[in-house]
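Colleague: I'm new to this one. Could you walk me through it?

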Amino acid sequence: MATTTTQPSFAVSPASSNPIRFGCSAPQCFVRVPKPPCFRRRLVSTTSFQRKIGGGGGLIRCELPDFHLSATATTVAGVSTENAVDRVQIPKGEMWSVHKFGGTCVGNSQRIRNVAEVIINDNSERKLVVVSAMSKVTDMMYDLLRKAQSRDDSYVSALEAVLEKHRLTARDLLDGDDLASFLSHLHDDISNLKAMLRAIYIAGHASESFSDFVAGHGELWSAQMLSYVVRKTGLECKWMDTRDVLIVNPTSSNQVDPDLGESEKRLDKWFSLHPSKIIIATGFIASTPQNIPTTLKRDGSDFSAAIIGALLRARQITIWTDVDGVYSADPRKVNEAVILKTLSYQEAWEMSYFGANVLHPRTIIPVMRYNIPIVIRNIFNLSAPGTIICQPPEDDYDLKITTPVKGFATIDNLALINVEGTGMAGVPGTASDIFGAVKDVGANVIMISQASSEHSVCFAVPEKEVNAVSEALRSRFSEALQAGRLSQIEVIPNCSILAAVGQKMASTPGVSCTLFSALAKANINVRAISQGCSEYNVTVVIKREDSVKALRAVHSRFFLSRTTLAVGIIGPGLIGATLLDQLRDQAGVLKEEFNIDLRVLGITSSKTMLLSEIGIDLSRWRELLNEKGTEANLDKFTQQVHGNHFIPNTVLVDCTADSGIASRYYDWLRKGIHVITPNKRANSGPLDQYLKLRDLQRKSYTHYFYEATVGAGLPIISTLRGLLETGDKILRIEGICSGTLSYLFNNFVGDRSFSEVVAEAKKAGFTEPDPRDDLSGTDVARKVIILARESGLKLDLTDLPVRSLVPEPLKGCASAEEFMEKLPLYDGDLAKERLEAENSGEVLRYVGVVDAVNQKGTVELRRYKKEHPFAQLAGSDNIIAFTTTRYKDHPLIVRGPGAGAQVTAGGIFSDMLRLASYLGAPS
Ligand code: ADP
Ligand code: ASP
Ligand code: MG
């Protein structure tokens, strides 16, 4: 029957009576069957007959229920494509603009209308539009296949859902004859699919070509619907079943290679039958040279567009998707990924090969040949210019100003295989043997790394292929293993690859160093490394569980503030609260001027905690803690602040005086969490625990800072460290390092009694609520221990003689009030000491002493000449004198306010900045 349709026609009939093949244009394949007007396929199942299977090329005997698929192309008045060839050649060149719309772009009827509008608004002379299936449809089709193969009869209802989705969309978009015609085709297709799936259900198996045939239907339907919608606007438009045009050869690694020559011929043929200025083509699907339906594999529509763009020598290919372009990293994993304005072909290829699924990796190859630019754009944000992928000119400005690394991508679910042995060194052919074995099992090697000693070769393969590969290797090398020439074939499961991509890496020294230090600082272990000679990428293999963290760590190092820190504040008391307020006031400046981004992700008191994924609004932290706080739980707190992979480095700031919290530092440091604290408990607690902590700190890249434990914000610990690190030798450290005791003795003058000064200080808030906590000297003793240990002395608190200013009988007072009431009774003792001192022109000062020469320390009330710097002190200032081999005659003195919330918080803050600079922030 002659038809007036311009669309290709397919038919399927029982092979027993009419063995036909799925064919596009080869006349010998055609079997004409009566068909409804327009393009149709029919499918009939049989029980056992011969069929042609995908990729093979010969007829094989198959015991399974089977179908024969055929595709014929009819022309106007039923003339076959073959007869019409060579009459018209498709025009090629700049007049063509190629678009590709991804699944989400055609996800529902409204979106299909938007797509039509974009097509109409492109005023290019000729337009070829490649469409994916509506979003999720390809997944649904594969799911049908899986269900049918596993004899799960819910495939029937799943197919019904596919029908319903398209029926509803079509009803929304089309009406009249268009709707009737589309629905009639849709129902035919669905009933064919039903029969086919039934056969698959019975067989419990589907060949690859059958699967591909089923899976490709989504594109057939979306392309038809879109072409109806465009035509409805009055524009002439044809839809193209790309199985009639794109010819591809399957390769061993489950990929296909386009046959450009044959495809070009078929495109000319197709065009001669369907000349049009707007063509809507199916993405994803193609045929083998034997006309067996196949696909370009998952996400292959980008590749379809690239092949067609190359066949047409198009001016540009625009790939429309749901993001603004190619980001510097997967935006689903790295919130702060940035859009890349341009990418070279190589960069785009590397990014997509290593997992940036915004572009199918094979898309680049066909277009590179003709220098056709690809633009990635967002259908949902037409104002975004997108990313241009092209060959940048040598003097490309954008290339010059961007960082050497353009982007990062990861591939998960890999395993590493390490083939190791001394017998490999210098033996020609080992690598070939190894990869020959890998090839034999059809596994895909994603990266290779070989030590120059040739002692080991390691490579990454998809996890699902690792068992087959390792078995093949063990069998291939069984002799070498037995003879000991190979020591092992080791499989390291649960790996991921992280790739840094950028053309400019080739000419920029230090990129790898920065990359590796960012990984080290995020406490991520690198298992293997590879860098190609092109230097377009550096690839590292890491643990699967570290994948996202690593991506964020390296991304933030190259793209964000140089240093982003996740901060958890423990103890929002006076000091903690002051610190939070200081952070609030300073955060903006730090970010803008110094590239340091301090994000407080958690605040916890002993009762309540407040957590945030992205950072607590510090202008409202008190209110938020009250209103949104949940019950405090330090484990959860730590987990959440540190578990936030978005920020690679975590610091917990302990602003309490709690030994329970201090006892957790070791565990935190071990987990890679940096610790900053003014809490003296850990450093003045049991010596063995302190030594363990310091040992861990020295061995790892994790930092532990505690400047504010002595002298609040004064640079005491850092001065001491500076002296030691530069080779000076500490002889003695002596100082007034309690603001309270400094105040008491600075004011214990004239005819004032000691108890009177204590009462005054207590009233002014300069003492602890119970002044005995200051007067006992324990706080000073802790500071002495900290300084002594920092100087290398192995002292414990119990080794330290401490002069307590709490009169013995008052130690047992039940309350601070009782103590204060009774203190005047003992004023005589200190008055006497002061008088004796004054008589010799001296003052009393309560000091801590580290005697490094004699390896001991004391806390005592000492007398100093009135001219001595210690005697000149005012208010609650601290003063520390370092006597060293370099500063022997005149000690090095650090003096200033050494107590109070502002200066203590300032000390902690400066530790945080020090941490940021250790982690790579600019100085
Ligand atoms: P389409 O269906 O339009 O082909 P895909 O889902 O295949 O879309 O690809 C787009 C998706 O790729 C985006 O939604 C994004 O989540 C993901 N993606 C992964 N890496 C990147 C990256 N580096 N830049 C942009 N998108 C990326
Ligand atoms: N629809 C196909 C898939 O989902 C091809 C594509 O969308 O690129 O894999
Ligand atoms: Mg895609």
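Modeller: Let's start with ligand 2: one of its oxygen atoms sits 3.4 Å from a polar backbone atom of Gly300. I count a polar contact as a pair of N or O atoms within 3.5 Å; within protein, one must be able to donate a hydrogen and the other to accept it, and residues adjacent in sequence count only if both atoms are side-chain atoms.

Colleague: How much of ligand 2 does the protein bury?

Modeller: The protein buries 89% of the 260 Å² that ligand 2 exposes when taken alone. Those areas are Shrake-Rupley values with a 1.4 Å probe.

Colleague: Before we go on, where does the model come from, and how are things numbered?

Modeller: The model is predicted, so to speak of local features we need pLDDT of at least 70, and side-chain atom pairs count only at pLDDT 80 or more, while totals for chains, interfaces and linings use all residues. Residues are numbered from 1 along each chain as its sequence is written, chains are lettered from A and ligands numbered from 1 in the order written, and side-chain values use heavy atoms, leaving out hydrogens and water.

Colleague: Which side chains have a polar atom 2.7 Å from ligand 2?

Modeller: Thr138 has a polar side-chain atom 2.7 Å from a nitrogen of ligand 2, and a side-chain N or O atom of Arg298 is 2.7 Å from an oxygen of that ligand.

Colleague: What else surrounds ligand 2?

Modeller: The residues around it, meaning those with a heavy atom within 4 Å, include Ser132, Glu219, Phe284 and Asp299.

Colleague: OK, ligand 1. How many residues surround it?

Modeller: 19 residues do, and Thr321, Asp322, Tyr327, Arg332 and Asn357 are the closest. A side-chain N or O atom of Arg332 is 2.9 Å from an oxygen of ligand 1, and Lys100 has a polar side-chain atom 3.1 Å from a ligand 1 oxygen.

Colleague: Switching topic: which residues make the contact between H6 and H7?

Modeller: Phe213, Val214 and Ala215 of H6 meet His217, Gly218 and Glu219 of H7, with contact meaning heavy atoms within 4.5 Å.

Conventions. Helices (H or I, at least four residues) and strands (E, at least two) are DSSP runs, numbered from the N terminus.
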